[in-house]
Amino acid sequence: MPSRTEPQARTRRFEEAAVEALLAQYKPLPGVHDELVDGEGRPRAHWTSLLAALAEMGVEEVNRRFRAADRHLYRSGVFYRVYDDPNGGERPWPISHLPLVIDAAEWRALERGLIQRAQMLEGLLSDLYGEGQLVRAGALPAAVVAGNPDFLRPMVGVDPHGGSFLKIYAADLGRGPDGRWWVLSDRTQSPSGAGYALENRIAIARALPDLARSLNVMRLAGYFQGLRAGLTKLDRSGEGRVGLLTPGPLNETYFEHAYLARYLGFVLLEGDDLTVRDNVVYVRTVAGLKRVDVLLRRLDADYADPLELNPSSHLGVPGLMQAIRAGGVAVANALGAGVVEAPAMMGFLPRLGQQVLGEAPILPNVATWWCGQPAERERVLDSLDDLVISPAFRRPVPGALENGPVIGADLDPAQRAAVERAIRTRGVDIVGQEAVRLSTMPVWSNGRLEPRPFILRIFVAATENGWTVMPGGFCRVSDTLDSRAVSMQGGGRSADVWVLDAAPVEQTSLLPAPDTVEVKRQTGPLPSRAADNFFWLGRYVERAECTLRLLRTLAGRLSSTADGGGGSVPALLDLLQSWGAVPDELTRARPIRHVLAALAGRERPGALPNLIDSARHTASVIRDRLSPDAWRTLADLGLTLDEPVPPGSAEPDAYERADRALRALAAFSGLASENMNRLAGWRFLDLGRRIERGIAVCRFARALVGETPSASTLDVLLELCDSQITYRSRYVMVESRAPVLDLVLLDPVNPRSLAFQIAAISDHLDVLPGHAGDALPPPEERLVARLSASMKAFDAVEFDDARLAKVEAQLMELSNDVAERYFIHRQPVETPWDLQA
């Protein structure tokens with residue numbers, strides 16, 4: 001009779017065989033530490049469960065799951081920006097699907113070392129901006145501090161709100177050949193990557209849900225919970241308003257800024273959103289100025305205040321520095337905290353740790369020699385081939401290190417001579433650092449495991465209960481085998497980090513306990529910039545829809561009638577030209593070429609791809625306020641329009657393409673109509689749509705209806721205004737000028753009519769913030785009142801070209817009045833329709 005342990009033994013032997021097969025082609029790099037296997041090629045114990053699960057799934061199933069993770073990231077709109085990309089630089093987030101696995105014992109050692117290092121850097125910052133004892137005692141050369149552009153003299157003597165300079169600290173770690181972890185660099189300015197780490201976790205947990213639970217992978221929510229509580233506690237006014245200050249949508253990690261703002265419940269703010277009054281920071285909202293007491297900064301300190309710091313900055317807040325000095329706002333991290341992340345500082349940190357904390361650092365940093373000292377300069381020159389030569393203060397060194405660090409052994413004679421000359425003449429700006437051969441971790445490539453070098457960034461937050469380390473991190477993985485530096489800008493990928501616990505992991509959530517949640521029906525005042533972007537998102541989406549209706553109607557007329565659409569086609573072509581949708585050189589071309597140029601070309605700003613790009617860009621600025629479904633709809637529409645037009649495409653192809661894109665836009669409109677709360681953001685979105693639709697109806701009617709319009713042009717007008725079914729059911733007769741115009745201009749129950757748009761605009765203005773019933777109505781309300789009266793005072797036959805042109809001009813004026821009242825003022829940008837007004 002078989003024993004009870006025999007099935008378990010067979011299962012174990014099967015798993016071991018499957019793991020061996022999976023590792024058969026895995027070739028660790030010689031001379032480096034490998035995370036997956038030991039020096040004998042055996043899998044490390046904390047990796048075996050993951051390997052067994054992958055082996056059991058098989059290649060096809062693993063590939064399927066990892067493709068699902070990629071789809072999640074794409075549909076969530078996760079991206080990063082490449083600055084030197086001529087095509088706009090926005091790329092899908094590149095994920096390396098296998099997580100880096102760290103066992104509990106090793107993690108506890110890392111945790112202790114990182115908390116100690118955060119305390120050391122906090123103490124160092126307090127001294128540098130306080131009494132300056134370390135420089136005075138000669139422990140730190142004055143040039144390392146005063147020569148650092150991140151040392152901000154206006155912060156000297158300032159006691160940061162909350163008592164600490166660092167609220168978030170991050171360290172980039174690498175493992176040497178002996179298996180020891182080393183700090184490669186410190187991040188104290190405004191550490192990035194925590195939001196991407198969270199998205200990586202969500203994506204991989206979806207791909208491997210059972211495995212993540214069974215391995216007791218520690219959760220990340222506790223870190224963010226502590227961070228949010230610590231920042232919220234800094235609020236002195238009691239309003240609980242915390243802002244995340246971003247450089248804006250052109251920043252490489254803007255997605256992360258928007259994502260963290262939404263996840264943490266903070267307001268995403270740009271410098272233009274803020275103003276300083278009496279040493280207090282306020283956010284400009286559509287309801288007036290609202291106080292902000294805490295700013296989580298993702299903007300480099302030098303750009304934070306053009307009055308006292310960098311005068312060329314257009315990203316900061318004038319007067320912010322004075323507000324900080326007066327205690328009117330807490331900024332995390334404090335301005336000037338970046339001084340300690342300079343490479344030059346790393347040459348002194350091992351000794352400074354002993355002086356600041358009275359103990360040696362647990363985690364060593366990469367050996368660094370600052371060339372501002374004679375002995376260290378000669379050592380670097382003598383060992384140039386063995387070192388990495390870097391700027392000392394994270395700024396280019398002209399003539400030698402204009403593009404960042406270089407590896408001495410890789411320099412040609414001319415480059416070597418330039419570097420040596422710079423070290424001798426500008427040694428204070430240069431450091432030599434030990435060339436670290438990064439350890440490797442496995443990646444999944446073409447159905448097999450392969451080793452790749454990686455750098456691990458771990459985050460530490462100052463919370464109410466002391467320093468808290470994120471149990472995981474942001475892991476950057478090289479795409480090449482011989483990589484001594486890994487960068488997302490340079491083509492690397494990122495991986496999740498699994499820290500394994502010995503016991504089942506407690507379910508942690510960022511949400512408060514159910515019995516402590518206060519009932520709310522508002523989400524706080526809407527910043528003026530967000531209102532501006534909601535308004536223009538509505539206008540761009542409606543403009544794209546009107547363009548698609550025009551193109552679909554034109555393509556349909558071209559393919560359905562023997563004479564090419566009769567008298568309506570020239571009018572439709574003229575509309576396309578005035579729309580700014582087709583190049584002027586197509587004036588004499590076949591009509592179908594006009595349709596295809598507007599559908600797929602980018603020569604003119606009014607072409608459909610450009611309109612959708614404008615809508616997506618505008619939506620990206622407020623993506624913290626849009627649902628993922630709405631964002632994905634715009635992204636999918638962009639993909640549809642980017643599909644190449646087949647050679648020889650004719651009218652039916654163009655019709656189908658326009659119809660498909662129109663349905664995608666209808667999905668976005670449906671999401672906005674059904675899923676958005678009826679708060680200020682939705683009202684500005686709909687207000688923009690209504691103004692744009694009203695302008696379009698005026699243009700359609702002016703172009704197609706003269707004194708004696710044909711039945712063909714009247715039918716086209718009904719189709720463009722999506723009113724054919726209503727007209728047929730109401731009149732059961734051939735198209736006639738007066739009833740057609742009444743339906744598309746004056747019918748108050750037709751959602752496509754001009755009168756309906758004006759009534760909706762009036763309803764929105766009545767309830768927007770700042771409306772006072774007993775005060776003199778502002779210009780936009782008086783203007784819409786005149787428009788409403790004209791809709792009631794005239795009948796359809798009185799609306800000739802001149803009257804329609806006047807209404808169109810009034811709608812454009814109304815748009816300007818709304819912008820003047822509610823939005824942040826910027827230099828106006830001419831749009832295709834404005835140019836044609």
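Colleague: Which residues touch the most other members of the largest nonpolar core?

Modeller: Met 155, Leu 335 and Trp 498, out of 148 residues in that core. A nonpolar core here is a set of buried Ala, Val, Leu, Ile, Met, Phe, Trp, Tyr and Cys residues joined through side-chain atoms within 4.5 Å. Another core, of 102 residues, lies apart from it, with Val 595 and Leu 641 among them. Keep in mind this is a predicted model: local features need pLDDT of at least 70, side-chain atom pairs count only at pLDDT 80 or more, and totals for chains, interfaces and linings use all residues. Residues are numbered from 1 along each chain as its sequence is written, and side-chain values use heavy atoms, leaving out hydrogens and water.

Colleague: What is Leu 335 in contact with, leaving aside neighbours within four places in sequence?

Modeller: With contact meaning heavy atoms within 4.5 Å, the list for Leu 335 includes Leu 152, Met 155, Arg 297 and Ile 324.

Colleague: Why does Val 460 count as buried?

Modeller: Buried means under 20% relative accessible area, exposed over 50%, partly exposed in between (1.4 Å probe, protein chains only). Val 460 has 0% relative accessibility, so it counts as buried.

Colleague: And why are α24 and α25 called oblique?

Modeller: Their axes cross at roughly 130°. Under 35 degrees is roughly parallel, over 145 roughly antiparallel, 65 to 115 roughly perpendicular, and the rest oblique. Therefore α24 and α25 are oblique to each other.

Definitions and conventions: Axes fitted to C-alpha atoms, helices over the stretch in contact; angles between N-to-C directions. Helix = DSSP H or I, 4+ residues; strand = E, 2+ residues; numbered from the N terminus.
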